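Me: Hi! Could you help me read a structure? I'm new to this.

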Protein chains: 2
Amino acid sequence: MKKVTLNDISESLKISKSTISLVLNGRGDEKRVSKETQEKIFKFAKEHNYKANQLARGLSTGKSDMIGLVIPNISDNFYARIARRIEKKASRLGYNVVFSSTGESKIRETELIQSMLDRQVDGLIIASTQKNKDDILRLKKQNFPFVLIDRHYPDIETNYVCVNNNGGVVRAVEQLINSGRKRIGFVSLKPGLQAIEDRLQGYLETMNKHSFDVKDGFVQELDYDNIEKDMPDVIKSMVKFPASVEGIVFSTHFLAAAGLRELKKLNVRVPVDVAIVSFGQMSAFDLIDPPITSVIQPVDEIGDNAVDILLKNLENEDLDFEQMNLETDMIIRKSCGTF
Amino acid sequence: MKKVTLNDISESLKISKSTISLVLNGRGDEKRVSKETQEKIFKFAKEHNYKANQLARGLSTGKSDMIGLVIPNISDNFYARIARRIEKKASRLGYNVVFSSTGESKIRETELIQSMLDRQVDGLIIASTQKNKDDILRLKKQNFPFVLIDRHYPDIETNYVCVNNNGGVVRAVEQLINSGRKRIGFVSLKPGLQAIEDRLQGYLETMNKHSFDVKDGFVQELDYDNIEKDMPDVIKSMVKFPASVEGIVFSTHFLAAAGLRELKKLNVRVPVDVAIVSFGQMSAFDLIDPPITSVIQPVDEIGDNAVDILLKNLENEDLDFEQMNLETDMIIRKSCGTF
DNA sequence: TTGAAAGCGGTACCAA
DNA sequence: TTGGTACCGCTTTCAA
C-alpha cells in the first residue's frame, strides 16, 4: 500500500500540484479555487487517505513543526512532568516534540543539541547541564529560537523559565528554624549547576541571618553519579558528633529520598532526632514515614511558559528575552518537626 | 549565519555534489575518491561546520532515522523509565525519538500515530490504549514496522513486549495468602486493557485455587480519570462489613498509592488490619509507611527488547512476529504482613 | 481560476 | 576517480 502523494492526486485528477496543495492547505477560498475543484480534491484526498509528507513539506517551507526537548533525564519525575506539559501544549499547537536526555553529560548535551538542529527542529527547550556555555552561546549567536528551563546561565542573556531557588531554600531553612532547630545541615550536589549554587546560597544566607554557625560537615555535596554510594557516609557524618545536625535540607527530591533511606537505616528518628525538608517533591512524599515537608516547584507553569515563550519566538525574530523566576510553594508535613 | 549546504561546498570547491555527498558519508574510499579530494572536502566541511539537513536526506533516502514512541503518559514513572531506556538505546544506534502521550484516549492515540507517520518515522513503539484496534490493524496491513509494549491486542498478531501480568498477580495474591489472609480484595481499573484483564484473572484464579470466596465488593474497578475522587468510597466499602477485606492487591502502582492514602485516612492499620501488595512499583515504595510489597516489572528489558525488535524489523521486511511476556519479580516489604 | 516550473538539500545512478 | 542529473514530495511564485 504505497503512500499517496500530491503527484498521484495530480495525475489522477488532472489538476496541477499547486492547486491541490493550495486547497489541501485550506487556502482554496483565499486563492479563489472553484468550489467544484476544491470538492473534487477533498473527496479524492479523503478517499485515498492522503497525508502530506512532513519531511518534504519541511524541506520546502524551511520549518519542521518539531520542537526539541533536551533534559537531564526523562525518567526523573520532575522533568517527566515538565515534558508532559510541554508535549501537551505543543501538540495542541501543531508541534511534535523530540526529546533526549543528557544524563548531565556535557558531551551528550552537545551531541543532542546538534542532532536536533540537524533534524531542523524549529526551536529548542533545554534544561542544560550548565557545563555547556559554548553551545548556548552559539545558539544565541545564530539567533536560533530556544528557551532554557530549570537552569540558566547567569552570564548569558537568554530566554529562561526557572524557579526562585534561593527563595525556596530560604523557606525550607526557616521552617526548620521555626520548629526549633539550630544545627541545620544542607545536602546537595557537587557544584556546577547554578540552581544548586543558588540553593546553597539560600541556605547560607538564612543561617547567617539567624546567626547560626555553619559548622564543619554541615554542607555536604554529592556526586550526581554516586549518590547511592556516597549517601551513607554523608548521613553518618552529619548525624554524629561533631556535626550532630538537628535538621537537614536536601537540595533536591532524590537526595531527600536517598538521605531518608540512610537515616532510617541508622535508626535516626525523623523528625524527632533530625528534622528534614526536601527541595522538590516526589509523588509519594505524603505517604512516606514520616511524610516529607517539601518545597514545591511549579512544574506546569515551567512547561507552559517555556512553550509560550518559544512559540512567540518562532513567530517573531527579535523579541526581548523573557526571563522568569517562578516562585515555589511549600507543603508542610511531619518531617520538618513542626507538629 | 546561514547554514552551509552541499551546494555551497560544491560551488566553493568546484567539486560535484555527488562526490561530496559520498565522501561525507564515509563512502569515499569505497568509491575510490582520491585522498586529496577527500581531504579537501573534509577540511572544508569541518571549517564551515557543515551538517547535513536530515529533512532533505530523509526525503531522499526514504528513511528519517526517527522512531516514534506513543505511550499513555510520559509523566508516569513506569513509562518514563521505559522511555529513557528506549531513547538511550535508540540514540546510540543513530535514531532520535519523538514521543507523545495519549492520556489513554483512543482519539489522541489515532492522531498521534498519524502525526508520527506523517513525520515519516521509520518505526513505532506503542503502549496502546487498547481501544484502538483499527490503527494497529492498519499499521499491520501496511506492513509498517512497529512493536507494542506493555499492552498488546490478543487477537492481533504483532510484535510485542509485555509482562506476564497474570503470573505477577498470582504471586501477589499468594503472598497475601501466605501471610494468612483469606478475605482478599482486588482494586483495579475499569476493563478495557488486556493487561488489566489478565491481572484480574490472576486474582480470580488464585482465589479460586485456594477455594476462597470472592465476595461482593472484593473486586473494585475505578475509572482512570477519577481515581482520586472514587478511591475513598472504594476503600471504605472494602474495609467495612460486609466485605471486610484483610488484604488488597492493587493492580497498578498509582492505585496502590491512592489506596494507601485512603487506608491511612481511615486509620486502618497496614498490614495489621489490611495487608496490601502493589502490582508495579514507585521509586519511594521502600520509604513509605509501611514499605510496600510490590510486583516489579522489568522496565529496562521492556525498553531494550522493544528497540531491538523494532530495529531488526527496520532492516528486514518480513520477520516473524516476536512476542515476549517477560516475567515479573517481587520485592517483599512490610505492607503484605509477612513479617 | 488554474497550471508550469523552480527550488528546498540531499542521494544515487549512470556516464565520462 | 569524478561529474551530471534525475528524483524524493511539497510549496510558492509567476504566468496564463
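This is a predicted model: local features need pLDDT of at least 70, side-chain atom pairs count only at pLDDT 80 or more; totals for chains, interfaces and linings use all residues.

Me: Which domains does chain A have?
Reply: Domain 1 covers 6–61, domain 2 covers 66–163 + 299–326, and domain 3 covers 165–297 + 330–336. The bounds come from an automatic or database domain assignment.

Me: How far apart are the centres of domain 2 and domain 3 of chain A?
Reply: Their C-alpha centres lie 29 Å apart. The contact takes twelve residues from domain 2 of chain A and twelve residues from domain 3 of chain A; two residues are in contact if their C-beta atoms, placed from the backbone, lie within 7 Å.

Me: Which elements are on the domain 2 side?
Reply: In chain A, α5 (77–92) and β5 (160–163) each supply at least two residues of that side. Helices (H or I, at least four residues) and strands (E, at least two) are DSSP runs, numbered from the N terminus.

Me: New topic: which residues come nearest to DNA strand D?
Reply: Of the 28 residues around DNA strand D, the nearest are A:Leu6, A:Ser18, B:Ser16, B:Ser18 and B:Arg32. A residue counts as near if its C-beta atom, placed from the backbone, lies within 6 Å of the strand.

Me: Which element gives the most there?
Reply: α4(A) does, with five residues of the surface near DNA strand D.

Me: And for DNA strand C, which element has the largest share?
Reply: That is α4(B), with five residues. DNA strand C is surrounded by 26 residues, and the closest are A:Ser16, A:Ser18, A:Arg32, B:Leu6 and B:Ser18.

Me: Back to α4(A): which of its residues are buried?
Reply: A:Gln54, A:Leu55 and A:Gly58 are buried, meaning that 20 or more other C-beta atoms lie within 10 Å of a residue's own, all placed from the backbone. They are on the same side of α4(A) because they cover an arc of only 100° around the axis, taken from the directions from the helix axis to the C-beta atoms.

Me: What do they pack against?
Reply: The buried residues of α4(A) pack against α4 and α6 (106–118) of chain B.

Me: What follows α4(A)?
Reply: A:Gly62 does, and its phi is positive, near 80°.

Methods:
Residues are numbered from 1 along each chain as its sequence is written. Chains are lettered from A and ligands numbered from 1 in the order in which they are written. A residue is buried if 20 or more other C-beta atoms lie within 10 Å of its own, exposed if 12 or fewer, and partly exposed in between; C-beta atoms are placed from the backbone.
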